[in-house]
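Okay, thanks everyone, I'll keep this short. Let me put the sequence and the structure up, and then we'll talk about some helix packing and the ligand site.

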Amino acid sequence: SIEVYSQITKECYSYLRRKDRGDANAEVATFDIVVVDNSGKVLIEVTDYTIKKVRNAHQKSEKMAKKTESFYQLGWIKKGLKQGEEVSKKGIILVFKSEDDKSSSLIREFKKQGRRIIEVSIGEEYKKIDENTYIVASNERSYMKLITNFHEEKISYILHLLNFNMHDSETIEQFNRGKLTGVMSLYYLTRALLFNRFRQKVDIVLVGNQANEVTKRETIINPQVAALFGLAKVVRQEYPKLQCRSIDIDSNTEVEDILCEVVYGEECNLVAYREGERYVEELQKLDIENVSKRDVKIRSNGVYVITGGTGDIGLEFGKYIAGKNKVHLALLNRSKFPERQNWKEILEHNEDIKLIRKIQSIQEMESSGAEVSCYSVDVSDENTLKDVFEELHQKYGKINGIIHSAGVAGDGLLITKDENVFQSVLRPKMDGTWMLDHFTKQDDLDFFILFSSISSLFGGVGQGDYTAANTYLDAYAVYRSKKGRPTLCINWPAWKDIGMAVDYGVNQDGVFKAISTEDAIQGFENIFYKDICNIFIGKLNQEYIEEFPVKISEELQIITKKSNAKDNRKDIKQKNNNIITLSGNHNNQYNDIEQKIATIWARVLGVSSIDVHASFYRLGGNSVLAVSLYRELEKEFTKMLDITDIYSYPTISQMSEYLKTKNINIVQEETSYDESNLDMILEKLANGEITEEQIDYLV
Ligand SMILES: NC(=O)c1ccc[n+]([C@@H]2O[C@H](COP(=O)([O-])OP(=O)(O)OC[C@H]3O[C@@H](n4cnc5c(N)ncnc54)[C@H](OP(=O)(O)O)[C@@H]3O)[C@@H](O)[C@H]2O)c1
């Protein structure tokens, strides 16, 4: 409302008081405004003056122009197996076997070579039948008991064949069994090996059927096997002595090929055999312009379910859908959303900025004409989720689309992560996806969209559960699409401004550059109407390309190098502007190692001054940031630290002392550079004439 008390004077002032919490990311902001003259007399009073953020149309079209370099997909290329010398010839072979002819003949082949084979089957409880035959139940205790027997033995291989012939999970019982013999079985096995202090290198080979779409001729895909293979990536990253690798087979794969792969295929994380040929993964550029369109739309009066709907990304997509048409939105989360009658009070007096942003976002959806309802439900709880869908079906008759955005961030090493925590990350994505699909089978949905992460491709220390859960989503999208129910799965990089990456302080550039909310939504807009199943959105980061655990196509490497060279200009300038203030040492003297470590800490923690005796955790570090810190330190002090050293030497001073014992030699760098040469240097980088290391040296 506006009250005018007297005519406006030639010179006057306006005093603005922001009424909401002042959240920088909010889409709307509300003010009270008082206009006063020079003597302070009030001329005009405006209450509840609301402004709304609008997207810059010019920027948008620029982003659109760049879209061709922002989409990727996984492809598979043929690569024969090099048969060198077998390394681990001695030692027993522990086989987790399935009731399958191929699995039995593989065991026979190893026996023929005179190997001692220990056969392990899954049963109701742990039992030792004889020296070479055991039964384990699907729980951690049972696996612990089994592994204790081989504490003193040299194990050359552990062959995990339980997923040799995985079937479709039509019922919840089959789904649960698949999970226990799949991802949970590797979780139990890894922990049993770690707790039994296996110091020797163990080659763990997982064989499973059709986790990936390799030739596009597969008729069925097994998401449970994919989750197992996802976890395997992280086991290997967290514990290099546990050399976990996966072989994805089809029904035509010969026992001979599996045997050769077990013995000679050590260097490969994941291979696939299809119709007798061997394949490895490759990340490729996807030309989105050339992907055909699909007839999909947001319908007027359509009913759309967003799980994790009051989470940060869920809310963005609620606004996106509401902006397209007049719709009914059901937002599903475990926590109970405040009752509507309390919203006004919360907006005016509550200190919780996140909650205020959630309410404002829902109000924004409603102001676009949407009807929004919030449901408190765990999407992995069969009975309560069923009730919600029954209610939605009763109310609206039919559901038109689902965005499955519910997720829990992974945090912590497998050795420290108990089963409840591990499962809490798997459940929304694995059990939740399976149930959402089953409870909406009759709806003939226009879309079923899954929010996965780039972690399913590159894993990450501390991300075992999260990687397995997202790998399940990737495969589920193919599985469901092959059943005639089109599904889209998006592998997002870290979102820069909102969401769980911000909550955990990992919203920085990694293997992919962190993505802004605007670019993410724009990217989504570009693919929503396309006939596509799995897609990576974002920008690869040249800096990390060497660390990438899958091959990157040559075309993509060239594109990435060129586009990153432009971005580097900004980063390099920034690098030179970052001055870190150190404190804590007598006379304020800091050695080279302390200064190097401090630069890395400052970058990871986002601070500019550090006491060298303050612990990483006191300065705001957490276990997710510890992983980032380790990655950054590894670049500077290659192979001198392992992840546990972050916990053992938690201050800069302690870590520096420890590194000194490693006898490292810090080279004093030149710190000045001629900015006028920068363009030339970057041009050379783009053309491959100089390397990034050389640039680092120059700068
Ligand atoms: N943010 C990123 O950078 C990023 C990057 C890659 C992928 N992703 C994926 O994008 C999705 C959304 O992430 P976000 O950043 O929006 O995270 P967020 O803000 O933490 O939101 C996730 C939401 O999921 C809900 N949820 C978790 N478990 C649930 C369950 N069992 N049943 C129902 N709801 C559940 C949570 O609410 P309650 O706790 O109340 O249940 C929360 O509101 C996630 O799947 C995430 O893995 C995010």
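Predicted model: local features only at pLDDT ≥ 70, side-chain atom pairs only at ≥ 80, totals over all residues.

Who's actually touching whom? On the H5 side you've got Val183, Met184, Tyr187 and Tyr188, and they meet Glu419, Phe422, Gln423, Leu426 and Met430 of H12. By class, that contact between H5 and H12 comes out as seven nonpolar residues, one polar and one charged.

Now stay with H5 and look at H4, residues 172-181. The H4 and H5 axes come within 3 Å, crossing at roughly 30°. That angle is under the 35 degree cut-off, which means H4 runs roughly parallel to H5. Here Lys179, Leu180 and Thr181 from H4 contact Val183, Met184, Ser185 and Tyr188 from H5. The H4 and H5 contact splits into four nonpolar, two polar and one charged.

Okay, over to the ligand. How many residues surround it? It's 27, and the closest are Asn333, Arg334, Ser335, Lys429 and Tyr466.

Let's go through some polar pairs. Ser335 has a side-chain N or O atom 2.2 Å from a ligand oxygen. For Arg334, a polar side-chain atom sits 2.7 Å from an oxygen of the ligand. And with Ser405 it's a polar backbone atom, 3.2 Å from a ligand oxygen.

Conventions
Residues numbered from 1 in each chain as written. Heavy atoms only, no water. Contact = heavy atoms within 4.5 Å. Helix = DSSP H or I, 4+ residues; strand = E, 2+ residues; numbered from the N terminus. Nonpolar A, V, L, I, M, F, W, Y, C, P; charged D, E, K, R; others polar. Near = heavy atom within 4 Å. Polar contact = N/O pair within 3.5 Å; in protein donor to acceptor, adjacent residues only side chain to side chain. Axes fitted to C-alpha atoms, helices over the stretch in contact; angles between N-to-C directions. Parallel < 35°, antiparallel > 145°, perpendicular 65-115°, else oblique.
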